[in-house]
Amino acid sequence: MAKLTKEYQCSLQLLDALIGGKWKMRIVYYLLGGTKRFSELTKMIPGITQKTLTQQLRELEEADIVIRKIYAEMPPRVEYSLTEYGQNLERALKDLSLWSHRYAIAKEIDVSTKVNHPEIYKNEIEQNTR
């Protein structure tokens with residue numbers, strides 16, 4: 001993420017600067033489920049490298065969306081959770097996820113997130129078979 005500026009052409013441009021890109025929305029979405037360790041996030045997001053996940057988490061932390069808590073233990077333990085700003089993204093991300101599921105069903109696209117969010121997918125299947 002480039003450094004945030006004080007002026008954007010529209011609020012969606014700011015949104016893109018905050019959580020745009022390939023990984024950030026998914027990171028935030030999974031953190032909506034609660035505090036996660038780095039290794040948990042790595043397993044939840046196939047294809048992301050450790051370097052990229054580290055960078056994305058740092059950018060989300062810099063934007064005040066994610067909190068990083070370091071425990072003074074050996075080996076060190078680090079946990080990530082959402083700030084109030086991050087938690088406030090819940091409704092929007094769930095709406096986008098639901099829209100994506102509906103689109104996938106209508107276009108016969110398999111989305112692996114049905115495993116992670118069966119309650120959304122189950123509702124969509126039930127509505128689609130009526």
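These legends walk through several close-up views of a predicted model.

Local features are described where pLDDT is at least 70 and side-chain atom pairs where it is 80 or more, while totals for chains, interfaces and linings use all residues. Residues are numbered from 1 along each chain as its sequence is written, and side-chain values use heavy atoms, leaving out hydrogens and water.

**View 1. The whole chain, to get your bearings.** The protein chain has eight helices and three strands; these are DSSP runs numbered from the N terminus, with helices being H or I runs of at least four residues and strands being E runs of at least two. Of the 130 residues, 30% count as buried. Here buried means under 20% relative accessible area, exposed means over 50%, and partly exposed lies in between (1.4 Å probe, protein chains only). The accessible surface comes to about 9,100 Å², and 52% of that belongs to carbon and sulfur atoms; the areas come from the Shrake-Rupley method with a 1.4 Å probe, and for residues only the protein chains shown count as cover. Among contacts (heavy atoms within 4.5 Å) between residues at least 6 apart in sequence, 45% join residues at least 24 apart.

View 2. The three strands form an open sheet in the order 1-3-2, with antiparallel pairing. Strand 1 and strand 2 stand at the edges with a single partner strand each, so one side of each has no neighbour in the sheet. Two strands are said to pair if DSSP finds at least two bridges between them. Strand 1 (residues 36-37) pairs with strand 3 over two bridges, and Lys36 has Tyr80 of strand 3 as its bridge partner. Strands 2 and 3 form a hairpin, with five residues between them.

View 3. Look for Thr83 in the loop between strand 3 (77-82) and helix 5 (84-87). Thr83 is buried, with a relative accessible area of 8%. Its side chain reaches the backbone nitrogen of Tyr85 at 3.2 Å, which is a polar contact: a pair of N or O atoms within 3.5 Å, where within protein one must be able to donate a hydrogen and the other to accept it, and residues adjacent in sequence count only if both atoms are side-chain atoms. Leaving aside neighbours within four places in sequence, Thr83 is in contact with Asp64, Ile65, Val66 and Ile67.

**View 4. Helix 2 and its tyrosine pair.** Six of the eight residues of helix 2 (residues 24-31) are buried, so this helix is largely enclosed by the rest of the structure. The buried residues are Lys24, Ile27, Val28, Tyr29, Tyr30 and Leu31. Rings of Phe, Tyr and Trp (its six-membered ring) pair if their centres lie within 6.5 Å; planes under 30 degrees apart count as stacked, over 60 as edge-to-face and the rest as tilted. By this rule there are two aromatic pairs. In one of them, the ring centres of Tyr29 and Tyr30 are 6.3 Å apart and the planes meet at 85°, so the pair is edge-to-face. Tyr29 has a relative accessible area of 12%, and Tyr30 has 9%.

View 5. Trp99 is exposed, at 54% relative accessibility, and Tyr103 is partly exposed, at 41%.

**View 6. Arg77 over a ring.** Arg77 lies over the face of Tyr71, at 3.7 Å from the ring centre. A charge sits over a ring if NZ of Lys or CZ of Arg is within 6 Å of the ring centre and within 35 degrees of the ring normal.

**View 7. Glu62 and Lys3.** Glu62 lies in helix 4 (residues 50-62) and is partly exposed, with a relative accessible area of 47%. Glu62 and Lys3 are 59 residues apart in sequence and 9.2 Å apart in space, C-alpha to C-alpha.
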